[in-house]
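Student: I would like to learn how to read a structure I have not seen before. Can we go through it feature by feature?

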Amino acid sequence: MKFSDMPYVRPDVPALRERLEELTARLEAAGDFDTADALFQAMDKETGALITADSLAYIRHTIDTNDPYYDEEVKHLAQALPLLREAQQNWTRALLNHPLRPRFEEKYGALLFRNMELELKTFSPEIVPQLQQESALTIDYDNLIASAQIPFEGGVYTLSQLAPFKQDPDDGRRRGAWEAEGRFYTQHGEELDRLYDQLVAVRTEMARKLGYANYVQLGYDRLGRNCYGPEEVAAFRRAVVEHLVPVACDVVRGQARRLGKDYPLNFADLALFYRSGNACPQGSPEEILEQGRIFYHQLSPETAEFIDFMLEGELMDVLSRKGKSGGGYCTSLPDYHCPFIFANFNGTQHDVEVITHEAGHAFADYRARDISPLDSRSPTMEACEVHSMSMEFFAWPWAELFFGAGAEKYRYKHLSDALTFIPYGAMVDHFQEEVYKAPHLTPDQRHQLWRELMGVYMPWVKLDSLPFYGEGKGWQRQSHIYQNPFYYIDYCLAQTVALEFWAADQEDHGAAWERYLAFVSLAGREDFRALVKAAGMASPFGGEALNTVAAAAQSWLAEHTPE
């Protein structure tokens, strides 16, 4: 079925709650495994239908935030779905305490039940009002960002549409675009601070009602992190500062020399990697999609089948438009056994990274679409980001297809960006940890904290040279800080493993691809550490992997000097 033909029906939450309560009662009374397992499968079907309806509403709302019907639907679901959490948790508790649990673990794996135990800690009926408020606030943030209409050089642009001007080779035009973007955020600065004040407060209230000291550990538990915690992440951040920040500084020093600029660079100059201009994809958005189809057909039989399925099913919306939400994502529609890709093409190398990154997520979802139960289809988010970030690197041999003569420029910048991104992502994580440990920080104190952390993680940036950014307010541009707290470090852990796949791919493409397929095919049936080990990669915790990939990347960059 094509996406445009998929019907959306608002879930009847009271009726669904009754069905969940009935299934729970029947499970508690089930005395044989076949009966209990049939009830388990019935609950999985109910869950899939609910996820599908929620995803359809969310996708169609983000495609057009001005559509009043789906705007109302996402707001309704944000208030209604938390009302199901108690019934869902009662089911989980009944399953965990069932005498037949060993039989379930034998069939579906023990990890599923470890995850359920973790999930139980993150909810109580007492926090339903806070969950509703949190959802409403994140929708308000999303709508505010999507509403941007930025005047620039006689035109009016969304944030996504402004992006090409922010990379323009002309210094004045590029800086002007950055200043125009900064004015939008400055004009809405009080509202952005208010939204975050409220989000920090409501999440802290949730944590305390659930018995946590603060939101930090609750944030980890809500993300389902089942094999590491804040201590391991703090050690990873320290390793980033030790092993990667010096390498990233060297990358930016080389960039400054190419641009004829003094080091450190301001944000506007950081956006231009080459004086002759950054590599841009060749052709229209439709042609880029067709080039993506060719790439996936040549990569492997598995990816050829996948990309045809996505294109024929209208399962990608990638053009930037007025009223469309910013950013990009991949989500799942379980009832139709398919993923969906949302993005905003803007004529930069980002377009190619989207068609590889989000398609990496979608490929993993497609490969796991028939696994039962639903919760075993996807691993935790850092492993999901390995799927996507590694796919970006596996596309390197096809860079000429997308960039023509600019392919080597793209590869050099893509690898360099990976090295500078990890410190930025670690800084985002560190910022959030400090904020949630001290939830009463004022907006000015948060801005100052961001400035201080930039000195640790991004010393290659010249502050104070651009309004808004130099004032320590740039964190307001990072939607994850508002909408997905503590998610961002997943990108850093994943980028480290993806660089390991990149290094393996440089030596033996076929063997590296087979290891990647093995990683993807395990889906959510192993935890992150086990998935990395099964692929023959070093754990990103502890510094060994970072040190190794940093050295490999430095060596490659030294041998491929850009113009």
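This is a predicted model: local features need pLDDT of at least 70, side-chain atom pairs count only at pLDDT 80 or more; totals for chains, interfaces and linings use all residues.

The dialogue below takes up the features in turn.

Student: How many disulfides are found in the whole structure?

Tutor: A disulfide is a pair of cysteine sulfur atoms within 2.5 Å. The search of the whole structure finds zero of them. Cysteine 330 is in no disulfide, and the nearest cysteine sulfur, that of cysteine 384, is 9.2 Å away.

Student: Is cysteine 384 buried or exposed?

Tutor: Buried means under 20% relative accessible area, exposed means over 50%, and partly exposed is in between, with a 1.4 Å probe and protein chains only. Cysteine 384 has a relative accessible area of 7%, so it is buried. Cysteine 330 counts as partly exposed because its relative accessibility is 23%.

Student: How do I check the span of helix α19?

Tutor: Helices (H or I, at least four residues) and strands (E, at least two) are DSSP runs, numbered from the N terminus. The expected span of a helix is 1.5 Å times one less than its number of residues. Helix α19 covers residues 407-437, 31 residues that should span 45 Å, and its end C-alpha atoms are 45 Å apart, which agrees.

Student: Where does α19 bend?

Tutor: The bend at a residue is the angle between axes fitted to the seven residues ending there and the seven starting there. In α19 there is a bend of about 25° at phenylalanine 421, and proline 423 follows within four residues. As for cover, 27 of the 31 residues of α19 are buried.

Student: What is the phi of glutamate 314?

Tutor: Its phi is near 55°, a positive value in a residue other than glycine. Glutamate 314 lies in the loop between α15 (301-312) and β3 (316-319), and with a relative accessible area of 35% it is partly exposed. Phenylalanine 486 is not a glycine either, and has a positive phi of about 70°. That phenylalanine 486 is in the loop between α22 (479-483) and α23 (488-507). Phenylalanine 486 has 0% relative accessibility and so counts as buried.

Student: Which residues are in contact with lysine 324?

Tutor: Contact means heavy atoms within 4.5 Å. Leaving aside neighbours within four places in sequence, the contacts of lysine 324 include Thr62, Ala146, Asp317 and Phe342. Lysine 324 is in the loop between β3 and β4 (329-333), and is buried, at a relative accessible area of 3%.

Student: Where is histidine 357 found?

Tutor: Histidine 357 is in helix α16, and at 11% relative accessibility it counts as buried.

Student: What does glutamate 392 touch?

Tutor: Leaving out residues up to four places away in sequence, glutamate 392 touches Glu353, Thr356, His357 and His414. Glutamate 392 is in helix α17, and its relative accessible area of 10% makes it buried.

Student: How much space lies in the largest pocket?

Tutor: On a 1 Å grid over the protein atoms alone, a pocket is an open set of points where a 1.4 Å probe fits, with protein on both sides within 12 Å along at least five of seven lines; lining residues have an atom within 4 Å of a point. Grid points are joined across faces, edges and corners, and a volume is the space filled by probe spheres set on the points. The largest pocket holds about 250 Å³. It is lined by 14 residues, and the closest to its centre are Val9, Pro11, Ala49, Leu50 and Ala53. The elements giving two or more residues to this lining are α1 (13-29) and α2 (33-63), and α2 gives the most, with six residues.

Definitions and conventions:
Residues are numbered from 1 along each chain as its sequence is written. Side-chain values use heavy atoms; hydrogens and water are left out.
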